[in-house]
Amino acid sequence: MNAIDDKEVEREIILDNYENPMHRGLTEDSTYLKENTNNESCIDNIDMQLKVENDIIKDIRFDGEACAISTSATSIIIRSLIGKSVNDARRILENYKNMIDEKEYDKELLGELYVYHEIGKQPNRIKCALLPYNAVCKMLNRLDER
């Protein structure tokens, strides 16, 4: 059995990323794109920032209040995308969304994001898992407008 397919390991990864999220804290650097994302039906409200240089994601930051799924998904998405090209990031995000929507996806592209592979079976948690996805996609789309 692959370690990431182990339910206990998946819970530990989610809990660790909730309790100790990476890249928390916003910057005053005006070269970052900024996006707020929230879930109308709960407390989830996250500000995210994205810095891209030469088509490579150099940094993503976040802050705010959110549930365990939203916070952990934000932390893992950030770690999954930093250092990637914008196109690679879009492919990872597309596969993540497909996985959440229970559509066909490439598991190998997802890495730790695979811990959310059963979120689609919990309709009340889908919005939580997609909160950071939505914010990052909006910021990446704004890059195209530049």
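Me: What percentage of the 146 residues of the protein chain count as buried?
Reply: This is a predicted model. In it, 46% of the 146 residues count as buried. The cut-off is under 20% relative accessible area.

Me: What makes the protein chain agree with a compact globule?
Reply: Set its radius of gyration against the rule. With 146 residues, a compact globule would have a radius near 15 Å. The protein chain has 14 Å, so the two agree. Along the principal axes, its C-alpha atoms fill a box of roughly 45 × 30 × 25 Å.

Me: Which elements does the protein chain have, and in what order do they run?
Reply: There are five helices and three strands. From the N terminus on, the order is α-β-β-β-α-α-α-α.

Me: Why do strand 1 and strand 2 count as a pair?
Reply: Two strands pair if there are at least two bridges between them. Strand 1 (residues 33-38) and strand 2 (residues 45-53) have six bridges, so they pair, in the antiparallel sense. One of the bridges links asparagine 38 to asparagine 45 in strand 2. A hairpin of six residues joins the two strands.

Me: How do you know that strand 2 and strand 3 pair?
Reply: Use the cut-off of at least two bridges again. Nine bridges join strand 2 to strand 3 (residues 56-65), so they pair as well, running antiparallel. Isoleucine 46 has glycine 64 in strand 3 as its bridge partner.

Me: What is the phi of asparagine 54 in the hairpin of strand 2 and strand 3?
Reply: Asparagine 54 takes a positive phi near 50 degrees. This hairpin has two residues between the strands.

Terms used. Residues are numbered from 1 along each chain as its sequence is written. This is a predicted model: local features need pLDDT of at least 70, side-chain atom pairs count only at pLDDT 80 or more; totals for chains, interfaces and linings use all residues. Side-chain values use heavy atoms; hydrogens and water are left out. Helices (H or I, at least four residues) and strands (E, at least two) are DSSP runs, numbered from the N terminus. The radius of gyration is taken over C-alpha atoms; the globule rule is 2.2 Å times the number of residues to the power 0.38. Buried means under 20% relative accessible area, exposed over 50%, partly exposed in between (1.4 Å probe, protein chains only).
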